[in-house]
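Hi everyone, thanks for coming. Let me put it up on the screen.

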Amino acid sequence: AIWIGNIFMFANSAFDALSLAYDCEHYLVSNWGLRIKASSRAILVCKGGDISNIGPEWKLDKILEVLGHRISYDAGIRIEWRHWRPILWKIFWSNAAHRSTNRLPFDLRALLLSRTVLSAITWLFGRWPLQKSVSAELDQLQSRFLGILSKCRRDTHESLENWFKKRQRVGRALAGKIGFWSDVWRKRVLDWEAHICRSDGRNHVHCKKRKWHDLDLTLIHI
């Protein structure tokens, strides 16, 4: 039995990417009698790219999962960030905010928050370009988590709206003392940039890719 996993093709246009895919399929057919499944044909064209020559057998996607990363057609991270927000909340309620941790001191719960929620997303920081709006939302999310963990008490006759605002301010102050998650993201981006730059002397492919920017890049997943 022969089974082939993920195959990815990159090209400057959809036409060139499809040509590579058809060449690959021809090789698979001629050597092993294998064909690309209909459910496996996906193509991602950069926003504004020509899609007129894409046949109906190909699924045109706006986001494609590549080795666990969700690559967007506009090179942005907003779609992926929306995907991860509810996941981070789920991790939060299952760990640092779980009822079994209620008797733990705040420092331990904050540490658990970092080791579960933050660690679940830091592996993406090396690829995500630092973005001001998402950075602010990430810090806001951290502040909400810490505000909940702080067990900020609601005063007598205090409205829910004022209590939520107070808890958010407490969480924000705690995040500032502990260290904002956006700073972790910023450091990861800079560390990865430095790592790539160090490979320039060895003519490494990563450094070549860093210097190559092409708005018409097309990605095919099989």
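Let's start with His157, which is exposed, since its relative accessible area is 82%; exposed means over 50%, buried means under 20%, and partly exposed is in between, with a 1.4 Å probe and protein chains only. Now some housekeeping: this is a predicted model, where local features need pLDDT of at least 70 and side-chain atom pairs count only at pLDDT 80 or more, while totals for chains, interfaces and linings use all residues. Residues are numbered from 1 along each chain as its sequence is written, and side-chain values use heavy atoms, with hydrogens and water left out.

Back to His157: it sits in the loop between α5 and α6 (160–178), and has a positive phi of about 65 degrees despite not being a glycine. Helices here are DSSP runs of H or I with at least four residues, strands are runs of E with at least two, and both are numbered from the N terminus. Leu67 also isn't a glycine, yet has a positive phi of about 55 degrees. You'll find Leu67 in the loop between β4 (63–66) and β5 (69–72), and with 71% relative accessible area, Leu67 is exposed.

Okay, on to the rings. How many aromatic pairs does a search of the whole structure find? It finds 14. To count, rings of Phe, Tyr and Trp (its six-membered ring) need centres within 6.5 Å; planes under 30 degrees apart are stacked, over 60 edge-to-face, and the rest tilted. Take Trp81 and Trp128: their ring centres are 6.4 Å apart and their planes at 90 degrees, so this pair is edge-to-face. Trp81 is in helix α2 and Trp128 in the loop between α4 (122–125) and α5 (132–149), so the pair ties together parts 47 residues apart in sequence. Trp81 is buried at 0% relative accessible area, and Trp128 is buried too, at 2%.

Trp89 and Trp93, on the other hand, are stacked, 6.2 Å centre to centre with 20 degrees between the planes. They're four residues apart in helix α2, so about one helical turn separates them. Trp89 is buried at 18%, whereas Trp93 is partly exposed at 45% relative accessibility. Both belong to one aromatic cluster, together with Phe92, Phe145 and Trp181.

That's my tour, so over to you for questions.
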